[in-house]
Amino acid sequence: MIISGTVIADSSTIIHDGAVVVDGDEIVAVGERTDVVDTYPAHDERRLDLVAPGLVGGHIHSVQSLGRGLAEDCELLDWLFDYVLPMEATLNAEEMEVAAKLGYLELIETGTTTAIDHLSVAHADRAFEAAGEMGVRGLLGKVLMDRRSPEGLLEGTDEGLAETERLIRRYHGSFDDRIRYAVTPRFAVSCTEACLRRSRELADAYDGVRIHTHASENEGEIETVQSDTGMRNIHWLDEVGLTGEDVVLAHCVWTDESERELLAETGTHVTHCPSSNMKLASGIAPVVDYLDRGINVALGNDGPPSNNTLDPFTEMKQASTLQKVDNLDPTVTPARTIFEMATVNGATAAGFDRLGALRPGWRADIIGISTDTTRATPLYHPLSHLVFAARGEDVEFTMVDGEVLMDDGEVTVADADGIRQRASEIADSLDLEAARESAQEVKP
Ligand SMILES: [Zn+2]
């Protein structure tokens, strides 16, 4: 297939009348349209407005999609223990599958082709299967919680790690290696030292398995870790083995100088989630400082209960404008930097090579964005349009590994209406009272 239009091959390469040639799951050529059409005369052509690499969600919770709009106007630990954990504890396997599908549907619709996805404790299989069937690329992990956790989520240390290992064997490298595994302790507050140390051992035992957790999102969280361990959170994570080039830490809002040095020295990846950090009033992550230190910073939506969407375009704009006002400097985090965070940086964090740009030999994860809109008129620069004006609903074409998941705005790999209808039915019948009572008993 030839995909043509204004091709944004990467943050510094824009081909105005360009084309990308896809054979199987790979890109085989990128160039001027006229040259490409001459060289590949037998290929069908799909004309689009803007053609870009698929975006990478560096930290999301697909299975929290049923909590969209459920927990408004509260801080992180209230939000978590009063609403989100009770919801996760309440969902049965079928409901968890619908939640995951609703999440992946939104990713496909809005241009995220790869997700680093923090699932829940139970029914993780359903999300792995849903991601595989719906065609997205992902680094997924079942959540580990072996202390300070409500009934329905609390697991024994052995039990959680055994289930993790079973899932690694079943799903790591599955669906043509689109789906990979990240060992996923929820955060230091809800995991014992043994759980964290054994998470590292488990990741080391399987080639390509990574580690994904939350870190230093909120001041209450780091005070709890300090009181448990006598250490700052990032130092504690380093102590138990949870830093390094295979580790993705979501948030890192509250870090001191020594912790930032540690993140840089160890090559640990950070995912910035500006909408969630603003909505929960967690704080402003020092993204400009991280980038200056050479830390790889990806971009994520976090979950629908704290955002309330998985639209990556909203996230790009928030990421840029929040840093500009925080630094009182309009020159920081330009569109180019933000686009790199949402593409190649995310791919690096997720551990997939040949991903995040449109180049021959790279994976065919491609999106098309319509500019037949008032908000795209006039259009001086495609990158500034993508970061500051475009919205998820402008995405009309989504491809992963050469498979078309959405065309002309119609998702072809799932029954979108059916998923939305079932999600609304589940939300109408959700009863969190019992799970909420149990969560209050362990709330820090
Ligand atoms: Zn999160």
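Biologist: So, N307: buried or exposed?

Modeller: Keep in mind that this is a predicted model. N307 counts as buried because it has 25 C-beta neighbours inside 10 Å, and the cut-off for buried is 20 or more.

Biologist: Where is N307 placed?

Modeller: In the loop between β13 (297-299) and α13 (312-327).

Biologist: And which residues does N307 touch, if we skip residues up to four places away in sequence?

Modeller: S275, S276, K279, N301 and D302.

Biologist: Changing topic. What about S438, where's that?

Modeller: S438 is in helix α17, residues 433-442. It has 19 C-beta neighbours inside 10 Å, so it counts as partly exposed. Leaving aside neighbours within four places in sequence, S438 is in contact with P150 and E151. From A350 it is 88 residues away in sequence and 34 Å in space, C-alpha to C-alpha.

Biologist: OK, zooming out. How is the protein divided into domains?

Modeller: There's domain 1, made of 2-53 + 355-410, and domain 2, which covers 55-350. Their C-alpha centres lie 28 Å apart.

Biologist: How many residues does each domain put into the contact?

Modeller: Domain 1 gives 23 residues and domain 2 gives 28 residues.

Biologist: Which elements give two or more residues on the domain 1 side?

Modeller: Those are α15 (382-388), β15 (395-400) and β16 (403-407). The largest share comes from α15, with five residues. By class, the side of domain 1 that touches domain 2 has 13 nonpolar, six polar and four charged residues.

Biologist: Since you brought up nonpolar residues, which members of the largest nonpolar core touch the most others?

Modeller: V20 and A127, out of 134 residues in that core. Both domain 1 and domain 2 give residues to this core, so it lies between them.

Biologist: What does V20 touch, then, not counting residues up to four places away in sequence?

Modeller: I3, V7, I27, V30, V51, L358 and I366.

Biologist: Now the strands. What's the order in the open sheet of eight?

Modeller: The order is β3-β2-β1-β4-β14-β15-β16-β17, with mixed pairing. The edge strands are β3 (26-32) and β17 (410-411), each of which pairs on one side only.

Biologist: And in what sense do β1 and β2 pair?

Modeller: Strand β1 (residues 2-10) and strand β2 (residues 13-23) are antiparallel, with seven bridges between them. One detail there is that G5 stands opposite G18 in β2.

Biologist: Great, that's what I was after. Thanks!

Technical notes:
Residues are numbered from 1 along each chain as its sequence is written. This is a predicted model: local features need pLDDT of at least 70, side-chain atom pairs count only at pLDDT 80 or more; totals for chains, interfaces and linings use all residues. Domain bounds come from an automatic or database domain assignment. Two residues are in contact if their C-beta atoms, placed from the backbone, lie within 7 Å. Helices (H or I, at least four residues) and strands (E, at least two) are DSSP runs, numbered from the N terminus. Ala, Val, Leu, Ile, Met, Phe, Trp, Tyr, Cys and Pro count as nonpolar, Asp, Glu, Lys and Arg as charged, and the others, Gly among them, as polar. A residue is buried if 20 or more other C-beta atoms lie within 10 Å of its own, exposed if 12 or fewer, and partly exposed in between; C-beta atoms are placed from the backbone. Two strands pair if DSSP finds at least two bridges between them. A nonpolar core is a set of buried Ala, Val, Leu, Ile, Met, Phe, Trp, Tyr and Cys residues joined through C-beta atoms within 7 Å.
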